[in-house]
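Reader: I would like to learn how to read the features of this model one at a time. Could you take me through them?

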Amino acid sequence: MRLGPFLAATLIVCVFAVGASTSAAFAGYGPPTPPPPGGPPGFGRIIEAKTIAPSGGAITVSVPPCVVSVDVAAKTFAKSVELVLRTFDNQRVNWKKQDLRFLCGVGVTVYGQNGVLTHEPFSKRLTVSFRTSSIGRNTKVIDVAAFGHLTEIKTSISGHTVTVHVTTDADLAVVTKS
């Protein structure tokens, strides 16, 4: 059986249309694309990145002299996200002027689908814990917002671990009184 040119062209167009629609349908599946290398302002290089499913997850890294753990409860995110920990950008804060001594810090960033920053509050709090022998009753955790604005976060201290909860991306610094 021989197809006419019109029918052959129609079949070719249909094959391409089905292929394109199938690709578009499956484009949102799988883990999110990796975050952009530069990251948002105020955050340093990537220490660790991990895909977190809606069922939750955790990351633990060494940020000398601290060990940092970030726990994500189930259903914090409706879709898989990329949880990224970055080195803390300490260059824009004069801690001595604030009568504080910097111990360690980390930037916590969440990227949604296609490597885009979430820019919205999380449905549940992330639990961020810092463990080091230097933690004592005078230890504080500071969220350093854009332009070096310092906001003290409510902490829980147990032994040599200080724990905070965050509901948005944060640049966290663990400090003590000088």
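**Strands and their partners**

Author: Two strands pair if DSSP finds at least two bridges between them. Helices (H or I, at least four residues) and strands (E, at least two) are DSSP runs, numbered from the N terminus. Before we go on, note that this is a predicted model, in which local features need pLDDT of at least 70, side-chain atom pairs count only at pLDDT 80 or more, and totals for chains, interfaces and linings use all residues. Residues are numbered from 1 along each chain as its sequence is written, and side-chain values use heavy atoms, with hydrogens and water left out.

Reader: Which residue in E8 is the bridge partner of Val141?

Author: That partner is Ile153. E7 (residues 139-144) also pairs with strand E11 (residues 170-177), again in the antiparallel sense, over five bridges. There, Asp143 has Leu172 of E11 as its bridge partner.

Reader: How many salt bridges does the rule give?

Author: A salt bridge is a side-chain nitrogen of Lys or Arg within 4 Å of a carboxyl oxygen of Asp or Glu. By this rule the count is one. The side chains of Glu152 and Lys140 form it, at 3.7 Å from N to O. The pair links distant parts of the chain, with Glu152 in strand E8 and Lys140 in strand E7, twelve residues apart.

Reader: Which cysteines are joined by a disulfide?

Author: A disulfide is a pair of cysteine sulfur atoms within 2.5 Å. The structure holds one, and it joins Cys66 to Cys104, with an S to S distance of 2.0 Å. This pair also links distant parts of the chain: Cys66 is in strand E3 (residues 66-72) and Cys104 in strand E5 (residues 100-111), 38 residues apart.

Reader: Why is the disulfide called left-handed?

Author: Look at the torsion about the S-S bond of Cys66 and Cys104: it is about -85°, so the disulfide is left-handed.

Reader: Is Cys66 buried or exposed?

Author: Buried means under 20% relative accessible area, exposed over 50%, partly exposed in between (1.4 Å probe, protein chains only). Cys66 has 1% relative accessibility, so it counts as buried. Cys104 is likewise buried, at 1%.

Reader: How many aromatic pairs are there?

Author: Rings of Phe, Tyr and Trp (its six-membered ring) pair if their centres lie within 6.5 Å; planes under 30 degrees apart count as stacked, over 60 as edge-to-face and the rest as tilted. Here there are three aromatic pairs. In one of them, the rings of Phe77 and Phe122 have centres 5.1 Å apart and planes at 70°, so the pair is edge-to-face. Phe77 lies in the loop between E3 and strand E4 (81-88), and Phe122 in the loop between E5 and strand E6 (126-131), so the pair ties together parts 45 residues apart in sequence. Phe77 is buried at a relative accessible area of 10%, and Phe122 is buried at 7%.

Author: Another pair is formed by Trp95 and Phe102, whose ring centres are 6.0 Å apart with planes at 25°, so this pair is stacked. Trp95 is buried at 6%, while Phe102 counts as partly exposed at 26% relative accessibility. Ring pairs link Phe88, Trp95 and Phe102 into a cluster.

Reader: How many residues does the largest nonpolar core have?

Author: In soluble globular proteins, nonpolar side chains tend to be buried together. A nonpolar core is a set of buried Ala, Val, Leu, Ile, Met, Phe, Trp, Tyr and Cys residues joined through side-chain atoms within 4.5 Å. The largest has 30 residues, and those with the most contacts inside it include Val68, Leu83 and Val108. Elements giving two or more residues to this core include strand E2 (57-63), strand E10 (161-166) and E11. E5 gives the most, with five residues. A second, separate core of eight residues includes Phe88, Val93, Trp95 and Leu100.

Reader: With which residues is Val68 in contact, leaving aside its neighbours within four places in sequence?

Author: Contact means heavy atoms within 4.5 Å. With those neighbours left aside, Val68 is in contact with residues including Ile59, Val61, Val106, Val128 and Phe130.
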